[in-house]
Every structure is written in structure tokens, then in C-alpha cells.
Amino acid sequence: MAYNFPIALRGSPGSPYTRKMLSVLRYRHIAYRYLIRPHGPVEGYPSPKVELLPTFYLPGADGQLEAVVDSTPIIRRLERDVAGRSILPPDPVLGFIDEMLEDFGDEWLAKAMFHYRWAFDADVAQAAQVLPRWINVTWADDFIERQGAMFSRRQIDRLYVVGSNATTGKIIEANYEAFLDTFSVHLSRHPFLMGGRPGASDFGFFGQLTQLTHVDPTPSALTLARSPRVYAWVDVMEDLSGHDAREEDWLTRETLPDTLKALLALFGRVYLPLLIANAAAIDRGQKQLETEIDGARWVQDTNPYQAKCLLTLRRSFGDLAEGDRAAVTALLEETGCGALLRA
Ligand SMILES: N[C@@H](CCC(=O)N[C@@H](CS)C(=O)NCC(=O)O)C(=O)O
């Protein structure tokens, strides 16, 4: 596929998945053109089927530019089409773990990110002032006021999408703190999730943490107080274009640390029950799912995209070679994630 560099993407600094992908492009030395635009048509570019940030404009099979969304498949497409400085671990066992943790960042940490931004007054007030100005810093103050109010209303009304409600709010907050503690221990031994160089999971965590640690006041203060190590890591991840990408820096199944197993155990304790209950409720044609997370009742609307995430993980497991599948099965059973493999 012939790419014209720089490749173009549309997004915003307030969009965690945009920040995820900008850091991927910098690390991989992929030249890019960054169009800071909100949702909606972009002059001179095709529109995506689903309006999501970021939107990439990449050459389709006919060579024409097409609008592509969803960071996880875009990462795999760029790995296929652009050589060098890969972010996918060569050991298939680590590759599967990396994919699980990327999903944990993109889908579970995203709940904390959205919850803290739109459930706390101080964060809503700041978002209303800053997010519109990121789109156009020259907009007049009165126009910003209107934009900010409108966008906040829209997002607050969408809190149910991530499952943030009166029942689940405290669970999200308690588990964000458990996440900080667990991730901080790993970072005290390894500079990245995947060892001495970053994997896709590092960029998944980074995307959401850009907002949780350096934008929204409530979680930023909490993170700095509880884990300055995670706070500092976010600044390191912002631009890794100058970081050496050495083959020997990857973790392997032989060197897999307990600190990474602890993150898998957290995945198994707080995210996997939700993934499983969501898929089961959708199979039964229900609009709502109900499950227990850490002994607390969790109720939310079903989320078709997360049913796809579970399916994708199970497919990736199925694509592993027999020996690798056995190694992954043992590891997931050991860390309380066995249910991921039981369709
Ligand atoms: N799975 C997608 C998620 C992208 C996403 O949800 N982006 C947000 C902004 S950070 C968005 O556009 N949400 C839809 C909306 O606000 O209408 C990815 O990984 O890129």
C-alpha cells in the first residue's frame, strides 16, 4: 500500500485516544499532519462511518484516501504497512498480554477518565473552559461559554455509556487507586509495561493517563499525591521519538515479572467480570447488564463495542500456536483471568 507521508489525522488534545496515537507516531518515526478538529466534516477529507476521534486518513485498496477510526486496528495496520520501531512484542505470549492490557487501558481506564471529567464539578468547569479552546484558541470568550456549556451537557448525558452512575462511581474511583498502586510497583522495576521498550499497552495506558494526570484537576491531584511515579511516566511517554528501540529490551515469557502478573490479576478482578456480563446480556438481548465487581453491585447499559473487544481477544488467543496457547492459558489461570478463554 503506497502511503503519502506525512499521514493526516484529526483529533484533539482532550481526546485520550488521539494522544495515544500521536505518541505511537512519534515513537515509530511516522511523519504526520495533525488536524485539531472536533467531530464533524473536515474540509478536503472523507468522513468516517462512525464519528470518532482520532480519525486517520489512509490510502484504501483503490489508493484513494479513506477515513479510518479505532486506534487498536489502526496500530496493527501501521505495523503491517510501515516498517521499523515496532510496538508489538515479538514473543507471542507477551504479544497476547500486551493486547489484553491495551484493551484494559482503552476500555477500563477510559471509564475512570470519563467519570472523573464529567462527574465532578471542578473538572466539568475546567473542561468547559479548556476543551473548546483546544479546538480553536482564537474563539471569542462568549462563544466558548456557549460551546463549553453545550459540550459538557452532551458528555454528562453520556456518562451512562461508560457505566458511571451513583452505584458504580465509588467502584471506579477505588479501582483507579488500586490501578495506580499496581502500575506504580511495575514502574519501579521496568520503565514500560513491556520492559525496556514500549508496547501497544503502554500507549493504551498513556492515552487515558494524559487526561487523568495532567488535565482534569481531581484525578491529577489524586495521582500526584498517590503515585508521582505514574504521574512522571506520562511525561516520559509523551514523546519517545528519541528512545532507542533495541530487540533485547522486550520482556519475554521467560522474564515475565510478577509486577505484570499483578496487573493481569487486576484485569481479572475488575474488567473481566464486566466484559463477560456484558457479552452474556447482549446474547440474551438485554439492554442492561448487572454483575459484581469487588463484591459491589455493578449495573449499566450494555456496550456492543466491548462485546467486540472480548471477541477480538478470544480470536487472538485462537490464532496462537499450540505451545503459546498452553503458556497463555497457564498464565491466565494463575492470574484469575481464565474466564477470558472460556467462551
Ligand atoms: N475505540 C476507539 C475509541 C475512540 C473514542 O471513543 N474517541 C472519543 C474521543 S476520545 C470519541 O470520539 N467519542 C465519541 C463522541 O464523543 O461522540 C479508539 O480506540 O480509537
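I count a polar contact as a pair of N or O atoms within 3.5 Å; within protein, one must be able to donate a hydrogen and the other to accept it, and residues adjacent in sequence count only if both atoms are side-chain atoms.

**Ground rules.** I am working with a predicted model, where local features need pLDDT of at least 70, side-chain atom pairs count only at pLDDT 80 or more, and totals for chains, interfaces and linings use all residues. Numbering runs from 1 along each chain as its sequence is written, and side-chain values use heavy atoms, with hydrogens and water left out.

**Ligand.** The side chain of Asp70 has an N or O atom 2.9 Å from a ligand nitrogen. For Ser71, a side-chain N or O atom sits 2.6 Å from a ligand oxygen, and His39 brings a polar side-chain atom to 2.8 Å from a ligand oxygen. The protein buries 84% of the 510 Å² that the ligand exposes when taken alone (Shrake-Rupley method, 1.4 Å probe).

I then listed the surroundings (a heavy atom within 4 Å). Among them are Tyr17, Leu52, Arg154, Arg158 and Tyr305.

**Core.** Next I checked the nonpolar cores: buried Ala, Val, Leu, Ile, Met, Phe, Trp, Tyr and Cys residues joined through side-chain atoms within 4.5 Å, where buried means under 20% relative accessible area (1.4 Å probe, protein chains only). The largest has 81 residues, and Phe179, Phe205 and Leu209 have the most contacts inside it.

Technical notes
Buried < 20%, exposed > 50% of the residue type's maximum accessible area, 1.4 Å probe, protein only.
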